[in-house]
Amino acid sequence: MLSRTLAQSSTKPLFLAPRMTQCATLFSFRSPLQPPTERLYEGHVPISPFQRTLLAVGSAFAALHNPHRGDMIAALGESTGGIFLRRIRDQMLKDPEGRRILRERPKITSESMQLDKLRQLPDGIFGREYVRFLDDQQVSPDTREPVHFVDDEELAYVMQRYRETHDFYHTLTGLPVTVDAEIGLKWFEMVQTGLPMTVLSSFFGPLRLSSQERERLFNIYVPWALENGSNAKSLMSVRWEDWMERSVEEVQRELCVKPCPQV
Amino acid sequence: MASRTALKQLAARRTLAAWVPSRTAGFSTATKALNQYQQQPASNPSTATTQNANQGETHFGFKNVPENMKETLVKQVFANVASNYDLMNDAMSGGVHRLWKDHFIRTLAPTPGTKLLDVAGGTGDIAMRFLDYCRETHGDSSAQVTLLDINPHMLEVGKERFTQTQYHNTSQVSFMEGNAEDLKDIADNSMDAYTIAFGIRNVTHIDRALKEAYRVLKPGGRFMCLEFSRVENPVISKVYDVFSFDVIPVIGQVVANDRDSYQYLVESIRRFPPQKDFARMIKEAGFTVMGQGYEDLTFGVAAIHSGFKL
């Protein structure tokens, strides 16, 4: 990663590159009260490091207090993403499918996924099960909160992709949407991506569960998540759009994921 | 996932209270229209200059907007913040706004039977304190307050709050929807006192609001304005800036899920004229001011401006 950013900055003279690469900002002193960049993408809200800390702490407490605040969980993820998003991006760069995703930047919306076409597929096919999951939960891929607080355009896309592919994880693993299963999925994501938000959700989320749910979580979901999170291929590099017409078992086999034991 | 389905159920329940617009949708459609307007001049300078000649521009926070748009945008801000307004005031000022308002009413020192027009009265903090002061200090229950606000949502919250008090269903408080720039339902020379607390900086034409205030007051009547103002002390000013631009939008986002409205609020404070300039505007509207015409509160974070119609 260091060599890549140095290669980028060596193509133009340092004094003419006003927006230094992320790496360079570590070596120059900036007031923690100044936002580090201008607006880099639509919806970008550049915030100072001081504000970022406040947002991280505030959104952590708000999300713990009211887990239905999706926007707070999103804000927590973005304000703590930092170097971890860079690690995910670099991992994606090592995989050819991941490189394709970063180049083409596909967005997952109801039009791009062609949900009506997916509904025509036979049962047991990944696309069909995915749409069934969306219809059961009465959600659509369009209701995800956009990214605001990531100070790099490519990393903002990585964050957006992480959020958008969450539904595919449910279809892949067979986990339901109960709160304990969601936390189980966060453990899975923690092993896969290492994002601080997943770590916080994994360790503080169970505080809000009943003892029965906690028992289920730690006896069934967490061991499964730890085993399969580490066995599975890096799911951020998976171009889900290409896997829609394969069967669920085939997808699970290819990605080295065993379905979660049903409760 | 669970959060999204729960949000959908929450949204379904909220449609029952259909008069409340969807909070973020209301503000973001306004900002989309704002962005479209701002992109126009770059592509077509000739039409832009004629547009600007026809409709003047004014400020909306740090942005510039056409004058006729500002009122709609401000309306949307306050529709968004109405339900959490009092909670956010406490969170942003650490409860100090209560001290400011208490001092404001003590400075007004109303006598028994005073008729007050509380403009931009919204959730009723000033109106309630006024009636409480008359009752506690003079044992008076003939004081009357007309609570006027341009925004029906804020007025609803105010009415709701008054139902919990002993002034509910009495002639002491009445509610009116109206515009501070054009108080057409209020007769000339009819009010003993006119107050506007944290409202005048949102008015598009402050001079018109001041002229209307002069018109409706009786001779001898008092105009009083409580508003955010300029902090002169450089150290406190820096701390205040950091607090305004870094802490308040985060509080707005965490508590109320509405960063943009609170960003507007802190930017509009910076755009309001400083104490001396505003005192001059009050004099130009015809009021007689005593001394400097203003009193700083909390190092100038807020200020009380006062004038008499003689």
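1. Chain A and chain B bury about 1,900 Å² between them, with 60% of that area on carbon and sulfur atoms. Buried area here is the accessible area (1.4 Å probe) lost by two parts on being put together, summed over both. The model is a predicted one, in which local features need pLDDT of at least 70 and side-chain atom pairs count only at pLDDT 80 or more, while totals for chains, interfaces and linings use all residues; side-chain values use heavy atoms, with hydrogens and water left out. Residues are numbered from 1 along each chain as its sequence is written, and chains are lettered from A and ligands numbered from 1 in the order in which they are written.

2. The contact between the chains (heavy atoms within 4.5 Å) takes 30 residues from chain A and 19 residues from chain B. Across this interface of chain A and chain B the rule finds 0 salt bridges, a salt bridge being a side-chain nitrogen of Lys or Arg within 4 Å of a carboxyl oxygen of Asp or Glu. The count of residue pairs in polar contact between chain A and chain B is 6, both residues at pLDDT 80 or more. A polar contact is a pair of N or O atoms within 3.5 Å; within protein, one must be able to donate a hydrogen and the other to accept it, and residues adjacent in sequence count only if both atoms are side-chain atoms.

3. On the side of chain A that touches chain B, helix H3 (49-65), helix H4 (70-94), helix H8 (126-137) and helix H10 (166-173) of chain A each supply at least two residues. H3(A) provides the largest share of that side, 7 residues. The residues of this side divide into 15 nonpolar, 10 polar and 5 charged. In this division, Ala, Val, Leu, Ile, Met, Phe, Trp, Tyr, Cys and Pro count as nonpolar, Asp, Glu, Lys and Arg as charged, and the others, Gly among them, as polar.

4. Chain B has 12 helices and 9 strands. Helices (H or I, at least four residues) and strands (E, at least two) are DSSP runs, numbered from the N terminus. Of the 310 residues in chain B, 51% are buried; buried means under 20% relative accessible area, exposed over 50%, and partly exposed in between (1.4 Å probe, protein chains only). Among contacts in chain B between residues at least 6 apart in sequence, 75% join residues at least 24 apart.

5. The domain assignment of chain B gives domain 1 (4-81) and domain 2 (85-231 + 263-308); such bounds come from an automatic or database domain assignment. In chain B, 19 residues of domain 1 are in contact with 18 residues of domain 2. These two domains of chain B bury about 1,800 Å² between them, 63% of it on carbon and sulfur atoms. Across their interface the rule finds 0 salt bridges and 6 residue pairs in polar contact, both at pLDDT 80 or more.

6. Strand S1 (57-60), strand S2 (63-66) and helix H4 (67-81) of chain B are the elements that give two or more residues to the side of domain 1 that touches domain 2. H4(B) gives the most to that side, with 9 residues. The residues of this side of domain 1 divide into 10 nonpolar, 4 polar and 5 charged.

7. The structure holds 38 salt bridges over all chains. In chain A, the side chains of A:Arg69 and A:Asp71 meet in one (3.1 Å, N to O). A:Arg69 counts as buried at 16% relative accessibility, and A:Asp71 counts as buried at 12%. Another joins A:Asp167 and A:Arg144 (3.5 Å, N to O). A:Asp167 lies in helix H10 of chain A and A:Arg144 in the loop between H8 and helix H9 (153-164), so this pair ties together parts that are 23 residues apart in sequence. A:Asp167 is buried, at 1% relative accessibility.

8. In chain B, the side chains of B:Glu181 and B:Arg208 form a salt bridge (3.7 Å, N to O). B:Glu181 lies in the loop between strand S5 (173-177) and strand S6 (191-197) of chain B and B:Arg208 in helix H9 (residues 206-216), so the pair ties together parts that are 27 residues apart in sequence. B:Glu181 is buried, with a relative accessible area of 13%, whereas B:Arg208 is partly exposed, at 44%. Furthermore, B:Asp86, B:Lys101, B:Asp102, B:Asp125, B:Arg129 and B:Arg161 are linked in a network of salt bridges.
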